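Here are some friendly notes to read with the structure open beside you. Take the points one by one and find each element as you go.

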Amino acid sequence: MAPFALVTPATPEEAIACLREGPEEEVAVLAGGTDLLFDIEARRARPRTVLSLRRLPWRTLEWSGAALTVGSTLPLRSLENDPDVRLRFPGLYHAVRAVGSVALRHRATLGGNLGRAAPASDLVPMLLALDAEVDLVGPEGERSVSVDRFIAGSRKTARGPAELIRSVRFPEARPSAYLWQRVRPFHDISHLAVAVALSPTDGRWRVAIAGFPPRPIRLPTAEAELDAPYPTDASIARAADLLARDAPIVADRRASEEYRRHLVRPLFARAVRAAVPASRAP
Amino acid sequence: MSDGSLRLSVNGREVVLDGVPSDERLLDTLRWRLGLRGTKEGCRTGGCGACTVLVDRQSTLSCLTLAHELNGRSVTTIEGVDSDPVGRTVRSAFERTGALQCGYCTPGFVMALTGLLAERERASSFDELLEDLGGNLCRCTGYAAIVRAAALAREELP
């Protein structure tokens, strides 16, 4: 008794046609499957059709100058093992390593993490700080949206019913850092996480925090408080105060609001200091 | 609803399976269709690493992988670990350091470490190797000997 049909289209067009047949709530998209199969096992998801992306040609990693485009079905472990990613996007490297375990990352993908939009995603905050764009393909052709607009809430995205995430684009390499706090250092869910990045083009910082519902968010007021490109201790302290006071941090079953507000200050300060030395490199 | 024949290479042997349901996990295919009970079911939610096998020499959680998603690919389980030169070294290192108590997590640890050491093209520290083993749990908490096994295997490999 198999509860769903597994469909493995060979082209994006066939995949989109399958999604159009719908109905929307009965078709689940499978990239690596590490999150979807978890939900199916727990009967939180009961799709009639599972659309596997494994035959689509999206397991790619392409550089164009300092810009990086990651195909949506590239396993996270391949992203992490690319020496240029580690060098040019240090925050992304550490965010990827914060996801599950090595064996999980051999299957899990960037597209899957975005599409599933878990409230405590370790990748979304870093994508926000890197101003990443999501490339979608659908019946009406292609379009791109910022990650900020793509993530619509807890487990909600701006993906249309017949659209697929084809790739994620990072416009420029940035000095960056990603730090988290959890019970187990690896293979656990972050209670709180901080992503920071410095844009070499506009000279401004990006700050995002995550780990609590409904979704990871940017904090423009804290960003504006940080001196750029080299923040003084005083400006780090001012920005940290703003974060601890004003960020829309809430409690959930994993951690209290008070604990998270306490954590955000040191994590943020350490993240900024971890990102800065790279920005002084030639 | 089955999804046509499933072709896998398992421990170097070609197998063709009919009637495998589309929602069957690789873990169940290995244990209940192929009788390879060395691969253990722990949490069944990707949290413990007991079900780790190699797919094309990469560590993979067999509980979170649909068998049909691996059509045409090559799977190595603990039963086939000796046919992999890295796997043989790792297995032997676990034996010589006595790196097991109840043994339930051992196949997962051996496969995970084999995958990691086979993948080592980039230079990486022993600390990073241990971080990378963080997806495997030992409920006996016998980690000290497992760390010794990892150090020994790493030392013995070229």
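1. How many of the 7 residues of strand S10 (residues 164-170) of chain A are buried? The count is 6, so S10(A) is largely enclosed by the rest of the structure. A residue is called buried if 20 or more other C-beta atoms lie within 10 Å of its own, exposed if 12 or fewer, and partly exposed in between, with C-beta atoms placed from the backbone.

2. Before going on, a word on the model and its labels. This is a predicted model, in which local features need pLDDT of at least 70 and side-chain atom pairs count only at pLDDT 80 or more, while totals for chains, interfaces and linings use all residues. Residues are numbered from 1 along each chain as its sequence is written, and chains are lettered from A and ligands numbered from 1 in the order in which they are written.

3. Now look at the sheet around S10(A). Five strands form an open sheet in the order S4-S5-S10-S6-S7 (chain A), with antiparallel pairing. Strand S4 (61-64) and strand S7 (141-146) of chain A are at the edges with a single partner strand each, so one side of each has no neighbour in the sheet. On average, neighbouring strands here are turned by 20° against each other, direction ignored. Helices (H or I, at least four residues) and strands (E, at least two) are DSSP runs, numbered from the N terminus, and two strands pair if DSSP finds at least two bridges between them. Axes are lines fitted to C-alpha atoms, for helices over the stretch in contact, and angles run from 0 to 180 degrees between N-to-C directions.

4. You can trace this sheet bridge by bridge. Strand S5 (residues 67-71) of chain A runs antiparallel to S10(A), joined by 4 bridges, and A:Thr69 has A:Arg169 as its bridge partner. A:Thr69 is also the bridge partner of A:Glu62, where S4(A) and S5(A) pair over 4 bridges. Strand S6 (residues 133-138) of chain A pairs with S10(A) over 5 bridges, in the antiparallel sense, and there A:Val137 stands opposite A:Leu164.

5. There is also a parallel sheet to find. This open sheet of 3 strands has the order S1-S3-S2 (chain A). S1(A) pairs with strand S3 (residues 49-52) of chain A over 3 bridges, and A:Val7 has A:Leu51 as its bridge partner.

6. Next, the domains of chain A. The chain is divided into domain 1 (5-52) and domain 2 (57-282), with bounds from an automatic or database domain assignment. In all, 13 residues of domain 1 are in contact with 19 residues of domain 2; contact means that the C-beta atoms, placed from the backbone, lie within 7 Å. Helix H1 (residues 12-21) of chain A gives the largest share of the domain 1 side, 5 residues.

7. Leaving aside neighbours within four places in sequence, its contacts include A:Val96, A:Arg105 and A:Ala108. The C-alpha atoms of A:Leu76 and A:Ala108 are 5.9 Å apart, although 32 residues separate them along the chain.

8. Last, see where the chains meet. The contact takes 27 residues from chain B and 24 residues from chain A. On the chain B side, S4(B) gives the largest share, 4 residues.

Key
Contact = placed C-beta atoms within 7 Å.
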